[in-house]
Amino acid sequence: MALGMSSNELRLVNGSSHCSGRVEIFHDQQWGTVCDDRWDIKHAEVICREMGCGVALRSNFGQGTGRIWMDEVQCIGTESFLNQCPSRPLGDNDCHHGEDAGVVTKPFLPPSTYLSFLPCNVMRLAGGSTLCTGRVEVLFNQRWGTICDNGWDLADANVVCREVGCGNALAAAAGAAKFGQGTGPIWMDQVNCTGEEDSLRKCPPKSMKEHSCSHSKDAGVECAEPTEIRLSNGTNHCAGRVEILHEKLWGTICDDDWDIDDAKVVCQYLGCGNALSAPRGSRYGPGAGPIWLDGVNCTGSETSISKCPAKTWGEHDCTHSEDAGVVCAGKKYF
């Protein structure tokens, strides 16, 4: 059974902080509770993870009011959200409010600890002039947040640049929020990468303390442009479907807004001369793998496709029937 709840439809009530209390969920325009039948530490772990808190302990926090929405919840403990756990149908229970479930969380674990539960594609660069520069933002608990620049250095930046599919780090932007101030939570502080990690989530924090930052200290990076781009399924290397390597996977570009200016950048980057055309509609056949870029909007003067405005890596509303292509003047094709 899936509740269809978003993260702001779950709360902890009557505790000493937002990380402890009686578990309440919002459904059908009213808050209600969860029955503690089968309730154990595995369920508390899921709640604390969803709330962005630390290590879960079991506790009680008084009787709630209203409906008892959930009963016999059966989490295994690895779920990211309570709505991923099987339970009886919403509102179906044999409980009373003397059985309302609660959780308490051990005070603060470093964000890098709970970020380890995240899936892969949860990082982006924002506020920069290219896809490979900007403020580092991380998605956790369905909310985008930032990283404090305390201790932020080139080793940390190298991990970010690698994770977002760009080249080596050119600079670790720290101080005065170079790429503008973000919004939402500040998820990480005192990041301490060696520079060899394949994900920022694998970097330990320098401090076990909760951050004392503001968004004026949001960390950023400046990365070299990715060097891997190719044309596939054409008559030679100067014509074909445009493919780009990101996160160690080859993928394609959606043809939304794709035009001759975009093709110019690709042709020049590959040393294939001027662009003759910018075929759309998967003229060179549908590709495979991720669709990495959508809404590319080059002026034609950029030195790399990653310097052109576009949606965030991997964000699109396309299928491979819309894969973009180019025909360059570097060879005779017909």
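## Overall build

A contact here means heavy atoms within 4.5 Å. Among contacts in the protein chain between residues at least 6 apart in sequence, 71% join residues at least 24 apart. The model is predicted.

The protein chain holds four helices and 18 strands. It has 334 residues, and 51% of them are buried. The accessible surface comes to about 14700 Å². Carbon and sulfur atoms account for 49% of that surface.

## Disulfides

A disulfide is a covalent bond between the sulfur atoms of two cysteines. Searching the whole structure turns up nine disulfides. Three of these links are described below, one by one.

## Cys238 and Cys272

Cys238 pairs with Cys272, and their sulfur atoms sit 2.0 Å apart. The torsion about the S-S bond is about -75°, so this disulfide is left-handed. Cys238 lies in the loop between β13 (229-232) and β14. Cys272 lies in the loop between α4 (260-269) and β16 (275-277). The pair therefore ties together parts that are 34 residues apart in sequence. Cys238 and Cys272 are both buried.

## Cys267 and Cys328

The sulfur atoms of Cys267 and Cys328 are 2.0 Å apart, forming another disulfide. This pair links distant parts of the chain. Cys267 is in helix α4, and Cys328 is in strand β18 (residues 325-328). The two cysteines are 61 residues apart. Their S-S torsion is about -85°, so the disulfide is left-handed.

Why do Cys267 and Cys328 count as buried? The cut-off for buried is under 20% relative accessible area. Cys267 has 0% relative accessibility, so it counts as buried. Cys328 also has 0%, so it counts as buried too.

## Cys298 and Cys308

Cys298 is joined to Cys308 by a disulfide, with an S to S distance of 2.1 Å. Which hand does the link of Cys298 and Cys308 have, right or left? It is right-handed, with 105° about the S-S bond. Cys298 lies in the loop between β17 (291-293) and β18, and Cys308 lies in the loop between β17 and β18. The pair therefore ties together parts that are 10 residues apart in sequence. Both cysteines are buried.

## His246

His246 is found in strand β14, which covers residues 239-246. Its relative accessible area is 2%, so it is buried. What does His246 touch, not counting residues up to four places away in sequence? The contacts are Val164, Gly165, Trp292 and Trp313.

Ile229 is 17 residues from His246 along the chain. The C-alpha atoms of His246 and Ile229 are separated by 9.5 Å.

## Arg22

Arg22 lies in strand β2, residues 20-27. Is Arg22 buried or exposed? Arg22 counts as buried because its relative accessibility is 8%, and the cut-off for buried is under 20%. The side chains of Arg22 and Glu24 are joined by a polar contact of 3.0 Å.

Neighbours within four places in sequence are left aside in what follows. Arg22 is in contact with Arg11, Leu12, Val13 and Asn14, among others. Its contacts also include Thr33, Phe61, Gly62, Gln63 and Gly64. Asp100, Ala101 and Gly102 are in contact with Arg22 as well.

Note on methods: Residues are numbered from 1 along each chain as its sequence is written. This is a predicted model: local features need pLDDT of at least 70, side-chain atom pairs count only at pLDDT 80 or more; totals for chains, interfaces and linings use all residues. Side-chain values use heavy atoms; hydrogens and water are left out. Buried means under 20% relative accessible area, exposed over 50%, partly exposed in between (1.4 Å probe, protein chains only). Accessible areas come from the Shrake-Rupley method with a 1.4 Å probe; for residues, only the protein chains shown count as cover. A disulfide is a pair of cysteine sulfur atoms within 2.5 Å. A polar contact is a pair of N or O atoms within 3.5 Å; within protein, one must be able to donate a hydrogen and the other to accept it, and residues adjacent in sequence count only if both atoms are side-chain atoms.
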